[in-house]
Amino acid sequence: MSYRYPESFVFYRKLNKKFTKAVSSQGCFILDENGKRYFDAAGGAVVVNIGHAVPEIADALSGQARVLPYVNGTQFTHDAVETLAAELAEILPGTLKYSYFLSSGSEANEAAVKLARQYWYEKGIASKWKIISRTPSYHGNTLTALSLSGREHYRSVFGPLLTEFPRIAAPDPYRHPGCKACTGELLEEEIVKQGPETVAAFIAEPIIGSSAGAVVPSREYYQRVSEVCKKYDVLFIADEVMAGMGRTGKWFSFEHFDFIPDILVSGKGINGGVVPLSVLVSKKEIVDQLAAGSGYFNHAQTYTHSPVTCAAGIATLRYLKKHKLVERCAEMGEVLGNRLHDLREFPVVGDVRGKGLMWAVEFVQDRKTKAPFARSEKFAERFTEAVFQNGVILWNNVGHVDGTNGDLVMIAPPFTVSDQEIEDFIKCFKKSLEQVI
Ligand code: PLP
């Protein structure tokens, strides 16, 4: 059997690729049907935070599925959702405590946008609807999440279906240090240009994930943009789908800065990478407004507050705490970062950046001018394929420089990664780089 289109009836994510069949996984490794082991240096798509196949998560899922697999969130509450919300509230600051559970990051961002809009509507300021986002950015693939995403190659085909939201440049300390995008000035200019009475929210990944490549903006940037949001009554939505749940060495990446978002969105690693679970967390002031008005959030999906996915979330949160894995992520992130910086010996390595265990290596054609490779060279794709053949999984991203060009890989292993695994990984990275240049 060949795992490719059209021999298999799977509508594959890539239609010209022959797929390798994975049969099992454990810790940081995935095994294919031929017995070859792959080091999962990207946790899939930055999802597998606690390692593959953790028995505690499997037990939580099957335990919940045997006792109370499904009830509808409009008819009942249950222990799994109550406990997960309470345990998340313990690790979240201020009044940012009220959790609404969904399935994917895209859905949770859509819900966050609707919540921002409904809040202003119920407050009697119905003119506020625009959401300002940044480029590059990624907030998901459903239509509103895609409308907000600054990722041209994902958007171009669907242009007529997308909502036109204002977008500003994301901070890029590597290529454009000190510019208005890096200082935060751009946000104020854009709010004023749009008219503050029309702007409902600003959405941003506090530490930017794969769309820009683990970019860590300055503290001053977030000080300024959060002040600007307050000044103009604009809600701050922090998209922590990739960077949240410990990935950057703190529970949430906004904690590296001095602000608290009004709405937080997280997903991916929140459930150990086992079943789809995402969350929107709101400040109390926003929920109060709805409670005093319509009395409900005008959003619903069949699996909202699902018992089984929430049970996986509780087991993951407890596992992270019990094994001090967020602290470990910070420690091993230092080790990984130091070793990745050694890759600068290769002239094609333009930048190495990141936080915790979320790192990116950006490749350039010319290190002096920072000129990217021509897209036709498919450098990131060729490198990722070479690494895969050598038994390591990386996540690549292209197009972040100007919407077309730009090559980077994300390195985001499980928090359980060992020193030796990092050493072996770096060796493989170097060997693969030598093969493609
Ligand atoms: N937001 C960010 C920052 C992401 O990285 C992603 C996925 O990579 C999403 C949203 C979308 O999440 P999902 O793929 O679960 O819909």
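1. **Ground rules.** This is a predicted model, in which local features need pLDDT of at least 70 and side-chain atom pairs count only at pLDDT 80 or more, while totals for chains, interfaces and linings use all residues. Residues are numbered from 1 along each chain as its sequence is written, and side-chain values use heavy atoms, with hydrogens and water left out.

2. **The sheet.** Ala 22 and Asp 32 belong to an open sheet of four strands, ordered β1-β2-β3-β13 with mixed pairing. Strands here are DSSP runs (E, at least two residues), as helices are (H or I, at least four), numbered from the N terminus. β1 and β2 (residues 29–32) run antiparallel and share four bridges; strands pair if DSSP finds at least two bridges between them. Each of β1 (22–26) and β13 (392–393) has a single partner strand, so one side of each lacks a neighbour in the sheet.

3. **The cores.** The largest nonpolar core has 95 residues, and Phe 202, Phe 363, Phe 425 and Phe 429 have the most contacts inside it. Helix α11 (residues 307–322) is its biggest contributor, with eight residues. A second, separate core of 25 residues includes Ala 108, Ala 111, Val 113 and Leu 235. Such a core is a set of buried Ala, Val, Leu, Ile, Met, Phe, Trp, Tyr and Cys residues joined through side-chain atoms within 4.5 Å.

4. **Ser 149.** Look for Ser 149 in the loop between α5 (143–148) and α6 (152–155). Is Ser 149 buried or exposed? Ser 149 is buried, because its relative accessible area is 0%, and buried means under 20% (exposed is over 50%, partly exposed in between; 1.4 Å probe, protein chains only). Beyond its neighbours within four places in sequence, Ser 149 is in contact (heavy atoms within 4.5 Å) with residues including Tyr 138, His 139 and Gly 140.

5. **The ligand.** Tyr 138, His 139 and Gly 140 are also among the residues around the ligand, where a residue counts if one of its heavy atoms lies within 4 Å. Helix α4 (residues 105–122) gives the most to this shell, with three residues. A polar backbone atom of Gly 105 is 2.8 Å from a ligand oxygen, and an N or O atom in the Lys 268 side chain is 3.0 Å from a ligand oxygen. On its own the ligand has 390 Å² of accessible area, of which the protein covers 83% (Shrake-Rupley method, 1.4 Å probe).

Note on methods: Polar contact = N/O pair within 3.5 Å; in protein donor to acceptor, adjacent residues only side chain to side chain.
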